[in-house]
Amino acid sequence: MPEYYSSIGEAVGAAMQHNIRLVHRSAAPGSDKPLQVRRLPSASADPYSVRGMISRLHEDASPDEVAGIIEEVNGALVGALPELTELVASAADWTRARLDFDDPHHHPAFETWKRLAAAYGMLQDVREQLEVAEDGLAACPAERTDPRHHQMVNVLRSGELLDDVLGAEAALVPSAPRNVDSDRQRAARASSPRAGTSPSTGSPPATAAPPPAPRSAGRPR
């Protein structure tokens, strides 16, 4: 299964299809590609990750805390946004090495390079905007204003992160693989929308004891 999806709806749909394949065994065991299971630590376990910073950036955070989080995101050396900008630049440079202008009417690699270059420029603009916004965040009042003012501006957060949809402890990873079928089942539970109700450990749930066999009428206690 792919590790990334464009939306939570796509991810949930892919998880459902994957679970159906596991149930019906439409393919022979071992014929499919190995499942790719990523370890996604909880936001509290990694407060300086992007997910951790999002969890820290709640409405009751102080202005200095919010400004500090934006500074962490936009930091020149270890900030997530500069790293993303360099990643897009690397992809554009990779495409640049494959440009071919021999055909004057057909330049698919160049079209891809232009899109990546445009994305790179947009990310640079975002970095500049955040540098200016950082000072404005620190100057914001600590108390919330009257809610009637909030209705004038739309909410921007989509709430489609894994923690938002499945809960903070939903993305769990099983222990060292020992059995292929068990791995598939655990991966299916981890990718299912109901994964938050699964046990936190990789061990199967304890089965209930079978009901006692009915006693014969001719054998009194």
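The side chains of R56 and E72 meet in a salt bridge, with a nitrogen-to-oxygen distance of 3.4 Å; the term denotes a side-chain nitrogen of Lys or Arg within 4 Å of a carboxyl oxygen of Asp or Glu. R56 lies in helix α2 and E72 in helix α3 (residues 63-74), so this pair ties together parts that are 16 residues apart in sequence. Helices here are DSSP runs of H or I with at least four residues, numbered from the N terminus. R56 counts as partly exposed at 27% relative accessibility, and E72 is likewise classed as partly exposed, at 26%. In this classification, buried means under 20% relative accessible area, exposed means over 50%, and partly exposed falls in between, with a 1.4 Å probe and protein chains only.

The model is predicted: local features need pLDDT of at least 70, side-chain atom pairs count only at pLDDT 80 or more, and totals for chains, interfaces and linings use all residues. Residues are numbered from 1 along each chain as its sequence is written, and side-chain values use heavy atoms, with hydrogens and water left out.

The structure holds 5 salt bridges. Side chains of opposite charge can pair when their charged atoms come close. D60 is exposed, with a relative accessible area of 60%.

The closest N and O atoms of E111 and K114 are 3.3 Å apart. E111 is partly exposed, with a relative accessible area of 41%, and K114 is also partly exposed, at 37% relative accessibility. Elsewhere, salt bridges that share partners join E59, D60 and R144 into one network.

Helix α2 (residues 50-56) also includes V50, which counts as partly exposed at 44% relative accessibility. Together with I54 and L161, V50 makes a nonpolar surface patch of about 210 Å². Patches are made of residues with over 30% relative accessible area and no salt bridge; nonpolar side chains (Val, Leu, Ile, Met, Phe, Trp, Tyr) are joined within 5 Å, and like charges within 9 Å. The accessible areas come from the Shrake-Rupley method with a 1.4 Å probe, and for residues only the protein chains shown count as cover.

How values were computed. Helix = DSSP H or I, 4+ residues; strand = E, 2+ residues; numbered from the N terminus.
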